[in-house]
Amino acid sequence: MAKVSSSAANRGVKTRASVAPALVPVLGGEPVSTALDKLIHDRVRLGIISALAVNDRLSFTELRELLALTDGNLSVHARKLEIGGYVQCQKGFDGRVPKSEYRLTTAGKRALERYLGHMEALIEATRGVR
Amino acid sequence: MRPLTPDRPSALADHAADQLAFIRDTMVRAGRFTSVSGAGMIVSGVLGSTAAVLTPRTATPEQRLALWLGAAAVAIPLVLIAMARKARRSGQSLKTGPARTFALAFVPALVAGALLTAALVRASAWNLLPGAWLTCYGAAVVSGGAFSVRAVPIFGALLVAIGAAALFLPAATHIWLLGAGFGALHLLFGFFIARYHGG
């Protein structure tokens with residue numbers, strides 16, 4: 001039987017993503033937040049979140065192949081996202097083979113949207129001073 | 001990671017654009033179904049060609065229908081087995097992710113084709129069957145192919161074109177068009193996908 005592992009979001013733990021961003025002025029432009037969501041800003045974790053954003057769920061193997069990662073590297077970063085409440089991991093068996101499937105949580109979707117908005121705002125804010 | 005300092009606005013913007021491009025690229029790759037099996041298509045092509053060769057030996061439209069439905073009944077499980085083997089090799093699942101999206105896009109036009117087949121058989125409109133099969137199957141391939149490698153939707157579009165020809169050309173040409181669509185085109189694209197897209 002499959003079991004869903006608990007996450008920080010489910011337990012109501014305050015994550016790094018929930019910290020209010022600081023605003024600083026960019027020369028000649030609008031104030032832009034420098035408090036990036038570090039949990040998602042890392043390329044590997046951003047890749048995991050982006051891949052899950054266009055798929056209902058992906059297996060550990062699918063993510064590993066897609067992002068060209070080692071087992072250990074993927075495990076570490078996926079675990080960080082899980083602890084942050086951005087992804088949910090469902091462990092089960094495919095026959096006798098253990099299988100982990102990942103889904104993006106609502107918090108993860110919102111974090112990606114926030115991050116996209118943040119990047120667009122940075123580009124917009126710096127456009128006038130380039 | 002470069003520091004986010006306000007004295008380097010152009011570097012900030014470049015970095016942000018870089019991150020957005022990475023997200024877009026990852027999403028495109030993650031949504032692509034790559035387990036369409038060239039080997040499976042070759043097997044289908046052989047079965048399609050065989051059915052086309054055997055068609056002149058049939059005496060009635062019912063026999064022709066049975067021949068082609070029989071070929072499809074053999075080909076479909078073989079294609080699914082070939083896809084499952086390719087998916088296993090590449091670590092893709094046929095139950096989740098891109099495969100699910102591919103299937104959801106692929107199946108509706110196939111169901112429409114099955115319903116049309118039943119309606120046309122009931123109306124004894126035998127001459128419309130080849131065109132209906134080819135266009136509906138082609139539409140399914142184009143839809144599913146939107147989530148796969150570029151060769152797949154091109155293959156589907158060619159099937160639709162051959163199907164369109166079958167709908168309007170005389171019945172005498174149908175055997176050639178069925179052979180071209182379900183035989184030759186499958187063999188051609190099957191070899192291409194097997195050669196350039198991992199089997």
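## The interface between chain A and chain B

Chain A and chain B bury about 2800 Å² between them. Carbon and sulfur atoms carry 67% of that area. Buried area here is the accessible area (1.4 Å probe) that two parts lose on being put together, summed over both. This is a predicted model, in which local features need pLDDT of at least 70 and side-chain atom pairs count only at pLDDT 80 or more, while totals for chains, interfaces and linings use all residues. Residues are numbered from 1 along each chain as its sequence is written, chains are lettered from A and ligands numbered from 1 in the order in which they are written, and side-chain values use heavy atoms, with hydrogens and water left out.

Chain A gives 36 residues to the contact and chain B gives 30 residues. Contact means heavy atoms within 4.5 Å. Seven residue pairs are in polar contact across the interface, both residues at pLDDT 80 or more. A polar contact is a pair of N or O atoms within 3.5 Å; within protein, one must be able to donate a hydrogen and the other to accept it, and residues adjacent in sequence count only if both atoms are side-chain atoms. Five elements of chain A give two or more residues each to the side that touches chain B: helix H2 (43–53), strand E4 (58–59), helix H3 (60–67), strand E6 (97–104) and helix H5 (106–127). H5(A) supplies the largest share of that side, eight residues.

Two salt bridges cross the interface of chain A and chain B. A salt bridge is a side-chain nitrogen of Lys or Arg within 4 Å of a carboxyl oxygen of Asp or Glu. One salt bridge pairs Asp18(B) with Arg43(A), with the closest N and O atoms 3.3 Å apart.

## The fold of chain A

Chain A has five helices and six strands. Helices (H or I, at least four residues) and strands (E, at least two) are DSSP runs, numbered from the N terminus. The order from the N terminus is β-β-β-α-α-β-α-α-β-β-α.

Of the 130 residues of chain A, 44% are buried. Buried means under 20% relative accessible area, exposed over 50%, and partly exposed in between (1.4 Å probe, protein chains only). Among contacts in chain A with a separation of 6 or more, 58% link residues 24 or more positions apart. The accessible surface of chain A is about 7100 Å². Carbon and sulfur atoms hold 54% of that surface. Accessible areas come from the Shrake-Rupley method with a 1.4 Å probe; for residues, only the protein chains shown count as cover.

## Salt bridges

The whole structure holds ten salt bridges over all chains. Asp71(A) and Arg64(A) form one of them, at 2.9 Å from N to O. Asp71(A) is partly exposed at 41% relative accessible area. Arg64(A) is also partly exposed, at 22%.

Glu82(A) pairs with Arg79(A), the closest N and O atoms being 3.2 Å apart. Both residues lie in helix H4 (residues 71–83) of chain A, three residues apart, about one turn of the helix. Glu82(A) is buried at 4% relative accessibility, whereas Arg79(A) is partly exposed at 44%.

Lys99(A) and Glu101(A) meet in a salt bridge at 3.5 Å, N to O. Lys99(A) is partly exposed at 23%, and Glu101(A) is buried at 16%. Salt bridges with shared partners join Asp56(A), Arg57(A), Lys99(A), Glu101(A), Arg103(A) and Arg100(B) into one network.

## Ser148 of chain B

Ser148(B) sits in the loop between helix H5 (129–145) and helix H6 (151–168) of chain B. Ser148(B) is buried, at 7% relative accessible area. A polar atom of the Ser148(B) side chain lies 2.6 Å from the backbone oxygen of Phe33(B). Leaving out residues up to four places away in sequence, Ser148(B) touches Arg32(B), Phe33(B), Val36(B) and Phe102(B).

## Cysteines and Ala114 of chain B

There are zero disulfides over all chains. A disulfide is a pair of cysteine sulfur atoms within 2.5 Å. Cys89(A) is buried at 0% relative accessibility. Cys136(B) is buried at 12%.

Ala114(B) lies in helix H4 (residues 97–122) of chain B. Ala114(B) is partly exposed at 48%. Ala114(B) and Cys136(B) are 22 residues apart in sequence, with their C-alpha atoms 8.8 Å apart in space.
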